[in-house]
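Come and look along with me.

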Amino acid sequence: MNNTVYYDPPFSDDRRRELLFEGQLLVYSPRPSTLAFIKFARKLIEEAFGPLDPETAQHQLTVEQYAEILLNLKPGFIHHPESKRLIQEIFMEMGCDLEKTYFDVPKMRSSTSDNYLTTGIAYAWHPHRDTWYSAPPCQINWWIPIYDIQADNAMAFHPQYWNRPVKNNSKEYNYYLWNQQSRGAHVAGYLKKDPRPLPKPTEPLELDPQVRLIVPAGGIIFFSAAQMHSSVPNTSGKTRFSVDFRVVHLDDVKAKRGASVVDEECTGTTMRDYLRGTDFSHVPDELVALYDDGTAAEVGELIYRPHNHDTSSR
Ligand SMILES: [Fe+2]
C-alpha cells in the first residue's frame with residue numbers, strides 16, 4: 001500500500017474518514033478554532049505552573065512537585081465546560097456534522113524530556129494501536145500540540161504495521177476492568193511504575209523508518225485508532241504538551257465501518273464514552289449493543305470517568 005500524508009486537503013468529513021480508515025494520515029494547519037482551543041489550554045497550564053515556563057519547569061521542580069501540578073491541571077482541563085465548547089467550534093470549522101459526530105472528553109498530555117517523568121500521569125507510550133485498548137475501528141484521533149513541537153519531542157507513526165498483524169497482549173485488557181482499576185488507583189504508586197495492564201507488542205517491532213509529523217501549535221494531526229503509534233523519546237530539553245480527543249461518526253458506528261481489525265483481542269468497548277457534538281448525549285444503547293461482547297455484565301465501570309488519578313489512558 002502507499003502511505004500518504006495529506007496536508008490541508010479540501011475533503012469533506014466523509015472523505016477524510018474514508019482515507020483514515022485506509023491508513024492514511026491527514027494534517028491541517030492551525031485555524032481560529034484550534035488556536036482558541038490551545039489559547040485556553042495554555043492559560044490553564046500557565047496558571048498551574050505559576051511563574052515557571054511550563055516547557056522547562058521540569059528542570060526546576062522535583063518529580064513529585066511536578067506530578068502534583070499535572071494531577072490538578074489535567075482533570076481541570078478535561079472537566080472544564082469551555083473545553084467541550086471549544087471542541088464544538090473546531091468541529092464546525094472542520095466541516096463535521098455535529099448531530100452525527102461524537103467525541104470523548106479531550107485529554108491533555110505531557111511528555112517530559114530526558115526521562116524525567118514517564119509513568120502514570122505522564123506516561124511515555126510504547127508502540128500501540130488504540131484499538132488494542134477497546135477503541136472501535138471507526139475511531140479517529142485528533143491530536144493537537146499546545147506549544148510548537150519538534151522531531152525530538154513529537155509522536156511517531158509506524159505505518160508499515162497498517163493491516164499487518166503484530167503479536168500483542170491486548171487479550172489481557174478489558175476496558176471496564178481498566179476503568180475500575182484506574183478509579184481505585186493511587187497516583188503515588190504510578191510515579192515509578194504502572195501496575196495496570198497496558199497492551200503492547202510481544203514481538204520486536206521495526207520502529208524505523210518512522211513518520212514524525214511536525215505541525216505548528218494549533219495544527220491538527222488525524223489518524224485512525226488502528227494506526228500504530230508511539231511517543232518519541234523526548235530529548236529536546238522541553239516538555240511537550242498536547243491535547244487529543246477521539247471521535248466517531250454515527251453513520252460509521254451504525255454500519256460498523258472503519259479500519260480493518262487485524263490483531264485486536266481486547267474486550268469491552270469505549271463506545272459509551274462518546275458525546276454527541278450538539279448536546280453531549282451518549283451513543284444510543286442499541287448502537288452500543290453492536291459493540292458489546294458480554295463482558296459489560298461482569299465488571300463495574302462501563303464509562304471512562306476522568307478523575308484525579310488517571311489521565312494516562314492511551
Ligand atoms: Fe494512542
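Before starting, I noted that buried means under 20% relative accessible area, exposed over 50%, and partly exposed in between, with a 1.4 Å probe and protein chains only. The model is predicted, so I kept in mind that local features need pLDDT of at least 70 and side-chain atom pairs pLDDT 80 or more, while totals for chains, interfaces and linings use all residues. Residues are numbered from 1 along each chain as its sequence is written, and side-chain values use heavy atoms, with hydrogens and water left out.

**Entry: the iron ion**

Which protein donors does the iron ion have? I found H128 (NE2), D130 (OD) and H229 (NE2), lying 2.1 to 2.3 Å from the ion. Donors here are N, O and S atoms within 2.8 Å of the metal (3.2 Å for Na, K and Ca); water is not among the atoms, so sites may look incomplete. Strands are DSSP runs (E, at least two residues), as are helices (H or I, at least four), numbered from the N terminus.

I then checked accessibility. H128 counts as buried because its relative accessibility is 1%, and H229 is buried at 4%.

**Entry: the sheet with β9**

I followed β9 into an open sheet of three strands, ordered β7-β6-β9 with antiparallel pairing. Strands pair if DSSP finds at least two bridges between them. At the edges I found β7 (211-212) and β9, each pairing on one side only. Two bridges link β6 (residues 155-157) to β7, and A156 has R212 as its bridge partner in β7.

**Entry: around β2**

Are the faces of strand β2 (residues 25-28) covered or open? I saw that both are covered: L25 and V27 on one side, and L26 and Y28 on the other, are all buried. Strand β1 (residues 5-7) pairs with β2 in the parallel sense over three bridges, and V5 stands opposite L25. Between β1 and β2 the chain passes through helix α1 (residues 13-21), in a right-handed β-α-β crossover. Right-handed means that, with the strands pointing away from the viewer, the path from the first strand over the helix to the second runs clockwise. I also found β2 joined by three bridges to strand β8 (residues 220-224), running antiparallel; there L26 has F222 as its bridge partner.
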